[in-house]
Amino acid sequence: MAGTFLDSTELVLNMGPQHPSTHGVLRVIVKLDGERVNGTECVIGYLHRGVEKIGENRTYTMFAPYVDRMDYVAAISNGLGYCLAVEKLLNVEATPRAQAIRVVLTELNRIASHLLWLGTHALDIGAITPLFYCMREREYTLNIFEKYCGARLTTHAFRIGGLQYETYDGFEKEVEEFCDLFLPKVDEYEELLTGNRIWRERLIGVGILNEADCKAYGVTGPMLRAAGCAWDIRKALPYSGYEKYDFEVPIRQNGDTYDRYMVRMAEMRQSVRIIRQAVAAIPEGPIMAKVPKIIKPPVGEAYVSVEAPKGELGYYILSDGTTQPYRLRVRPPSFVNLQSLDKMAKGSLVADLVAIIGTIDIVLGEVDR
Amino acid sequence: MTKLLRTIFLVDLFQGLSVTFRTQHPKNIVTEQYPEHRPKIAERYRGAPRLNINPENGQTLCISCDLCAVACPENLIIVGWVRNPETKRKDLVTFTYDTSRCMFCGLCEDACPVDALELTQDFELASYSREGAIFDRQILEEGIKPTKYRF
């Protein structure tokens with residue numbers, strides 16, 4: 001019970017699991033004192049499918065499509081992380097051509113993920129228009145995925161050791177066209193939102209999480225960078241040839257919802273920059289490294305983390321020398337970032353809670369696994 | 001002073017509205033009119049499965065090697081065959097493909113050594129019963145026939 005000047009008791013309310021602004025099936029038990037949030041408690045697991053256990057019962061090749069279904073908004077990043085982890089176990093490296101194509105597709109997927117985040121986040125706060133524009137541009141990236149690998153969302157684009165599919169005719173041209181088309185559109189979203197006074201009032205100073213708290217909770221990705229820490233796996237522990245590309249890690253200082261918005265907008269521009277460099281220099285050569293047909297890694301363990309759109313996505317695989325992993329553990333960024341909800345929401349208004357949940361950028365498929 | 005004027009004349013809101021009105025032109029419409037206009041499906045699209053037949057003699061291309069059933073993560077392909085005593089080869093009898101559990105990952109078509117099993121561009125997989133999602137050999141060879149509507 002909080003000390004208020006009226007003699008009020010604490011009200012406990014359920015937000016979700018069907019609430020549209022919880023982006024899936026997240027149930028938040030909110031303790032309220034009038035309009036103020038005294039504390040929140042997340043109830044997760046509505047979408048639990050036991051993906052890690054499924055991994056123990058499938059061969060390495062068979063498990064690859066399942067990882068797409070965790071963070072289904074950024075399926076390609078998931079696939080990349082898993083393939084890199086198994087490749088580390090096998091001690092093989094994808095060919096230069098495969099690496100370049102992987103970078104192009106992963107960055108396109110980052111843009112698609114950020115666009116979906118921007119659209120739904122703005123929709124939660126009350127700006128409906130950006131959603132339609134974001135979906136319109138996201139369609140271009142999904143069409144590229146569909147033409148490249150035959151699926152739009154759960155793509156299964158990468159295989160262990162490289163790629164299954166060669167690029168289609170006109171792939172490079174189409175990606176470059178998208179880059180040219182997309183940059184003015186980011187300015188368009190900013191024109192709609194950045195200066196808008198309602199948007200600023202709703203975001204500035206809401207859900208502040210400083211750098212020390214971010215590190216204490218293990219928060220990564222745009223949330224950490226908005227608090228002033230320039231930690232990006234692509235720069236810190238480069239994988240798949242990211243060290244070759246010239247890009248910046250956008251950071252902001254305040255760590256509030258508005259800064260997280262600005263960081264993600266800047267990240268989309270940086271992704272375009274990476275795509276431009278990568279697509280201009282796709283080397284010739286094979287797309288598949290020498291990998292045995294039946295994948296049987298030696299006894300050992302491997303942990304690989306990649307920079308997914310939501311933060312650090314890690315795969316830990318323990319191999320006992322058979323065709324199936326002995327243990328497979330995923331470090332999902334949304335799950336870890338969601339922990340900070342209570343810290344951010346304490347003392348805010350109920351309406352801000354919607355903005356705070358949106359700014360974490362959670363995908364419940366990944367939180368519950 | 002400029003800030004006050006911008007606040008009074010709602011400059012930020014009109015800036016946003018100008019974006020909205022710029023996209024009102026009919027040539028900017030991006031909505032697809034499905035099912036009147038069929039969407040253009042990519043060549044590599046992984047949709048309904050098909051068991052290819054040899055167009056010359058109408059016989060199946062499948063050699064009953066069972067590799068697709070082994071490759072399938074969901075274990076949903078069942079290949080039934082008998083040994084032909086004359087030719088000493090396996091003859092395909094039944095082929096069951098349960099699309100209700102399929103996640104269209106494409107591992108079966110990658111595994112097929114003779115390009116018999118293929119995921120096609122057909123995407124209208126809805127049916128009125130759960131049994132309708134289980135494809136037998138006949139449906140797989142002839143292809144799915146979704147209801148056609150007239151307008």
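Among the 125 residues that make up the largest nonpolar core, the ones touching the most other members are A85(A), V86(A), V104(A), I275(A), V306(A) and I356(A). Helix α4 of chain A, which spans residues 96-125, gives this core its largest share, with 15 residues. The model described here is predicted, and the points below are grouped by topic.

**Around A85(A)**

- Once the neighbours within four places in sequence are left aside, A85(A) is in contact with A302(A), V304(A), Y315(A) and I317(A).

**Chain A as a whole**

- The secondary structure of chain A consists of 15 helices and 8 strands.
- Chain A is as compact as a globular protein of its length, because its radius of gyration of 21 Å is close to the 21 Å that the globule rule gives for 369 residues.
- Taken along the principal axes, the box filled by the C-alpha atoms of chain A is roughly 70 × 45 × 35 Å.
- Of the 369 residues in chain A, 50% count as buried.
- When contacts in chain A with a separation of 6 or more are considered, 70% of them are between residues 24 or more positions apart.

**Where chain B touches chain A**

- In the contact between the two chains, 18 residues of chain B meet 19 residues of chain A.
- On the side of chain B that touches chain A, the elements giving two or more residues are α2 (11-22) and α4 (107-111) of chain B, and the largest share, 6 residues, comes from α2(B).
- Sorted by class, that side of chain B holds 10 nonpolar, 4 polar and 4 charged residues.

Technical notes:
Residues are numbered from 1 along each chain as its sequence is written. Chains are lettered from A and ligands numbered from 1 in the order in which they are written. This is a predicted model: local features need pLDDT of at least 70, side-chain atom pairs count only at pLDDT 80 or more; totals for chains, interfaces and linings use all residues. Two residues are in contact if their C-beta atoms, placed from the backbone, lie within 7 Å. Helices (H or I, at least four residues) and strands (E, at least two) are DSSP runs, numbered from the N terminus. Ala, Val, Leu, Ile, Met, Phe, Trp, Tyr, Cys and Pro count as nonpolar, Asp, Glu, Lys and Arg as charged, and the others, Gly among them, as polar. The radius of gyration is taken over C-alpha atoms; the globule rule is 2.2 Å times the number of residues to the power 0.38. A residue is buried if 20 or more other C-beta atoms lie within 10 Å of its own, exposed if 12 or fewer, and partly exposed in between; C-beta atoms are placed from the backbone. A nonpolar core is a set of buried Ala, Val, Leu, Ile, Met, Phe, Trp, Tyr and Cys residues joined through C-beta atoms within 7 Å.
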